[in-house]
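Hi,

Here is the structure we talked about handing over. Please have it open while you read. My notes follow below.

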Amino acid sequence: MKQNFLYYIIIMFVLFCSYSFLDLLPKPNRIAIVTGGSRGIGAEVVKQLLQCDMEVIIACRVISAGENIILQIRESGVTSGRAKVYKLDNSSLESVKKFAKQIKADYDKIHILINNAAVMFPTTRKKTEDGYEKQWMVNYLSHFLLTSLLLPVLKTGGRPEECSRIVNVTSCAHDVGTINFDYINNFNKEIVCRHTLYGQSKLAQTMSTITLQKLFKDRSLNILVYAVHPGIVKTDLFKETILAWNKWIMTGWKTAHQGAIPVTYATISKDIERKGGVYISNCKEMTVPSLALEEEVRERLFELSLKQIHLENFFQYL
């Protein structure tokens, strides 16, 4: 109950943060991937990137859902950009591998990877086919693997004057998150609060952002990584929470369009060029949780993540 209370306190605090606005400048030669791009914030990010005249790949579980979003975007009056749909189930490592293989077969370069797909507070304790807790797998681990697999095309897409970008969609929930290595190593060992597990998955996203940026810099790769909090947004992520049963609480929350703006900002803004490894909220650089600054914990998380996705070296496909 204490963890639940902390989450809702954070939500009420974040609601006092101002919304942000962004000019959608033309980027006709950029190719972007948006995981979870068929609904919620992801769908709005797709729309905004199409307004920038990009080529956008919607990565989602159901192809027809992605195609329907494209149809809705076109019917709304957005005619610029090019959109495609590829199947990706973030709850499956095998699906991530198949998706990455297809992308690398079809494209020799990718400029933007937006790791957005997520689940939150499932009512039942769910384990994925690979044996991991669902929020850990969908929100963090699948994106960790996807990033590694797509490094060759991200590297090709990056230039010194305009780097490729990876945007990890995290959450203010990382502020009350922790990394429970015993539980991550043995999901069947004990029951842990679903709110705690969500915060843990988002904290891992934030920590991974810092780790990967340091590694990319060491290898002189023209790739920037950002962690972005979209804000408290009215999407179906909340459908299995107490907040969904109290509609009046959602008054004043961001719309999906408003929540997409910080994500798009991290994707296109020149203000943060060469400032990778930072955490962004409301289009402003913010401080990260203190645990994310502990290098020993980040390194331990990185090594465990490699083990869980069955990689010996994060750069082995580069």
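H310 sits in the segment after α10 (295-308). This is a predicted model, so please read every value below as computed from it. Phi of H310 is near 65°, which is positive in a residue other than glycine. H310 is exposed, because its relative accessibility of 59% is over the 50% cut-off.

C283 belongs to the loop between β7 (278-281) and β8 (284-286). Is C283 buried or exposed? Its relative accessible area is 14%, under the 20% limit, so C283 counts as buried.

Now the overall picture. The protein has ten helices and eight strands. Of its 318 residues, 58% are buried. Take the contacts with a separation of 6 or more: 78% of them join residues 24 or more positions apart.

Next, the cysteines. How many disulfides are there? The count comes to zero, with a disulfide taken as two cysteine sulfur atoms within 2.5 Å. C60 has 3% relative accessibility and therefore counts as buried. C163 is at 0%, so C163 is buried as well.

Two packed helices are described by the angle between their axes and the distance between the axes. Here are both values for two pairs.

α2 with α3:
- Helix α2 (residues 40-51) packs against helix α3 (residues 63-75) at about 50°, and the axes lie 11 Å apart.
- That angle makes α2 oblique to α3.
- The crossing of α2 past α3 is right-handed.
- On the α2 side, A43, V46, K47 and L50 take part; they meet I69, I73 and R74 in α3.
- By class, this contact has five nonpolar, no polar and two charged residues.

α2 with α9:
- Helix α9 (residues 256-268) packs with α2 at an angle of about 55°, with the axes 8 Å apart.
- α2 and α9 are therefore oblique to each other.
- The crossing of α2 and α9 is right-handed.
- From α2, the contact uses G40, I41, E44, V45, Q48 and L49. Their partners in α9 are A256, H257, G259, A260, I261, V263, T264, T267 and I268.
- By class, the contact of α2 with α9 has eight nonpolar, six polar and one charged residues.

The one with α3 has no polar residues. The one with α9 has six.

One more residue in α2: Q51. What does Q51 touch, leaving out residues up to four places away in sequence? Its contacts are L24, V78 and S80. Q51 is partly exposed, because its relative accessible area of 34% falls between the 20% and 50% limits. Q51 and G77 are 26 residues apart in sequence, and their C-alpha atoms are 9.9 Å apart in space.

C283 is the buried case, whereas H310 is exposed.

Best wishes

Methods. Residues numbered from 1 in each chain as written. Predicted model: local features only at pLDDT ≥ 70, side-chain atom pairs only at ≥ 80, totals over all residues. Heavy atoms only, no water. Axes fitted to C-alpha atoms, helices over the stretch in contact; angles between N-to-C directions. Helix = DSSP H or I, 4+ residues; strand = E, 2+ residues; numbered from the N terminus. Parallel < 35°, antiparallel > 145°, perpendicular 65-115°, else oblique. Left-handed = near helix turned anticlockwise from the far one by under 90°. Contact = heavy atoms within 4.5 Å. Nonpolar A, V, L, I, M, F, W, Y, C, P; charged D, E, K, R; others polar. Buried < 20%, exposed > 50% of the residue type's maximum accessible area, 1.4 Å probe, protein only.
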